[in-house]
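The following note sets out, point by point, what may be read from the model under review. Please consult the sequence and the structure alongside it.

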Amino acid sequence: MPPRLNASSKLPDTVAMPAYTPAKHGEGILHLGLGAFHRAHQAVYTDDALALAGGDWRILGVSLRSAAPAEELAPQDGLYTLIIRGEGEPRVRVIGSISRALCGKTDIDEIRRALADPSIRIVSLTVTEKGYGIDRAAGGADPDHPAVAADLASPDAPTGVLGLIVQALKARRAAGTPPFTVLSCDNLPENGVMLRGGVVDFARRLDPELADWIESAVAFPSCMVDRITPARTDATIADAERLTGHSDAAVIETEPFTQWVVEENFPAGRPAWDKAGALFVKDVAPYEKMKLRMLNGAHSMLAYSGFLAGQRYVRDAMADPDLRTLIERHLSAAAATLDPLPGIDFGEYAQDLSARFANPSIAHETYQIAMDGTQKLPQRVLGPALAALQAGQPVRPFAFATAAWMRYCLGRKDDGETYALRDPLEAEIAARIGTADTAEAIFTSLAALRGVFPEALMAAPEWRGEVVGALAGMLESGVPAAIHTEAASVRA
Ligand code: CS2
């Protein structure tokens, strides 16, 4: 077994090391959600910013539930290998921007103390769509979310996202410490506005005056994040050993492409992320919309249809001419719902996305993307479907994606093999579908899910007809044949 990576490791010259001395930089960011994506994205921008411009901006990483990130990173002094898979041999670098890693289950007091500490000037988050506890249809905290319910009941001992942020802001206000900036980095439209709505509403339920102060004093910039980051596998671990001569339990692999578009609104300061390649703009919304509708929308369509057609990886689905046709159709339909964005050619963006999806060195599982469909579909597929409907554009591409998700909700493939949906509404989905086995009945049962489908869309006979038609095809002839027929109709 090779030695474990840590601050005194000597690595081969082929591995890029932090171009600064990590230990000389203090913490400035507390990040909630220490998963693979953060380590392939924001932590890398921060690593570059520290090298280029310095500052006390290292990241105190927190994972609220899983003990794994802290167990992986702590013995390595927060260091981890990033394997960047493009053409040829992967590029390898060691990231030094994470100073400490804590777990909400075991270190909650330390986490609460850190949140109140004046050195922390940014609290950033990648907790996934379902992790916030926000009722996205209504726009405030969701009192039925388990963490929200628990934190509303004991606000002085919070363990969830909204509860921790509100308690920390309250403590800072009482101590005369300036508030931190709150930066959501999840794939949600206007993520800053959404999180602000959740935090302010949570606070208002406890202390209206505190809520007013948060509204006026705390910044919640929005941002668009992008980097395809598959889950780590044994091959990732083996490559880290082979390429660095060290074992690394925290290694992450990712693609060469990376993008971050951030609203310029950091009253408490920020790392020089702009020098590291992040784009700072006044209004992020059009970039978010483009990425969510094109990249993520096409990803979700491909995940459900590809998974059900037996394609394990996105790259394999891209090698299937029928699925490729459907991806290209989806990308252009999504692009047609967007307002023009100066400096961006949506056609080129679509081509670049197809190339990224086809990257032969990235093994991105369709099943990974299929997770949490109820949390993803609204912004990725249903929002653009409604926009297309209202603009008189064809809704079929979005209806096909929605039908594939509904087919996926049955929890079994054409041959009867079963799988877990991995969705927070999994039990409700199963209960609603019950024994429904016609496209009409399945559509009707899922249409009643709370907060998923926009009413105006579901009320449109055209939409219903297209989804039911596509789903009926999948049920009658099997998913691969339905994909083939659909692609043939696009080519015709
Ligand atoms: C994917 C995203 O898992 C998913 O739902 O669509 O994680 C996607 O890979 C990233 O947003 C790319 O930036």
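This is a predicted model: local features need pLDDT of at least 70, side-chain atom pairs count only at pLDDT 80 or more; totals for chains, interfaces and linings use all residues.

Which residues form one aromatic cluster? The cluster is made up of Tyr45, Trp260, Phe266, Trp273 and Phe280.

1. Aromatic pairs. The count of aromatic pairs comes to ten. One of them joins Phe307 and Tyr408, with ring centres 5.6 Å apart and planes at 70 degrees. The pair is classed as edge-to-face because planes over 60 degrees apart fall into that group. Phe307 belongs to helix α10 (residues 285–308) and Tyr408 to helix α16 (residues 396–408), so this pair ties together parts that are 101 residues apart in sequence. Phe307 has a relative accessible area of 9% and is buried; Tyr408, at 2%, is buried as well.

2. Trp405 and Phe453 form an aromatic pair with 6.1 Å between centres and 55 degrees between planes, which is described as tilted. Trp405 lies in helix α16, whereas Phe453 sits in the loop between α18 (439–447) and α19 (455–458), so the contact ties together parts 48 residues apart in sequence. Both Trp405 and Phe453 are buried.

3. Division into domains. The chain is divided into domain 1 (15–281) and domain 2 (285–491). Their C-alpha centres lie 29 Å apart. Across the boundary, 31 residues of domain 1 are in contact with 27 residues of domain 2.

4. Area between the domains. The size of an interface is often given as the accessible area lost when the parts come together. Here domain 1 and domain 2 bury about 2200 Å² between them, and 53% of this is on carbon and sulfur atoms. On the domain 1 side, Lys130, Met224 and Ile228 lose the most area to domain 2, together accounting for 25% of what that side buries.

5. Salt bridges between the domains. How many salt bridges are counted between domain 1 and domain 2? The count is five. Lys130, already named for the area it loses to domain 2, forms a salt bridge with Asp372, with the closest N and O atoms 2.6 Å apart. This pair links distant parts of the chain: Lys130 is in the loop between β7 (122–125) and β8 (134–135), and Asp372 is in the loop between α14 (366–370) and α15 (373–390), 242 residues apart. The two partners have relative accessible areas of 28% for Lys130, which is partly exposed, and 4% for Asp372, which is buried. Arg356 and Asp226 also form a salt bridge, the closest N and O atoms being 2.9 Å apart.

6. Salt bridges in the whole structure. A search of the whole structure finds 32 salt bridges. Among them, Glu253 and Arg85 meet through their side chains at 3.0 Å, N to O. Glu253 is in strand β12 (residues 252–254) and Arg85 in the loop between β4 (80–84) and β5 (91–95), 168 residues apart. Both Glu253 and Arg85 are buried.

7. A salt bridge between helices. The side chains of Arg329 and Glu486 meet in a salt bridge of 2.9 Å, N to O. Arg329 lies in helix α12 (residues 321–336) and Glu486 in helix α21 (residues 479–491), so the pair ties together parts 157 residues apart in sequence. Arg329 counts as buried at 15% relative accessibility, and Glu486 counts as buried at 6%. Elsewhere, salt bridges that share partners join Arg85, Glu89, Asp239, Arg242 and Glu253 into one network.

8. Leaving aside residues up to four places away in sequence, Phe202 touches Ala141, Val148, Asp151, Leu152, Leu162, Gly163 and Val166. Phe202 and Arg312 are 110 residues apart in sequence, with 40 Å between their C-alpha atoms.

Methods: Residues are numbered from 1 along each chain as its sequence is written. Side-chain values use heavy atoms; hydrogens and water are left out. Rings of Phe, Tyr and Trp (its six-membered ring) pair if their centres lie within 6.5 Å; planes under 30 degrees apart count as stacked, over 60 as edge-to-face and the rest as tilted. Helices (H or I, at least four residues) and strands (E, at least two) are DSSP runs, numbered from the N terminus. Buried means under 20% relative accessible area, exposed over 50%, partly exposed in between (1.4 Å probe, protein chains only). Domain bounds come from an automatic or database domain assignment. Contact means heavy atoms within 4.5 Å. Buried area is the accessible area (1.4 Å probe) that two parts lose on being put together, summed over both. A salt bridge is a side-chain nitrogen of Lys or Arg within 4 Å of a carboxyl oxygen of Asp or Glu.
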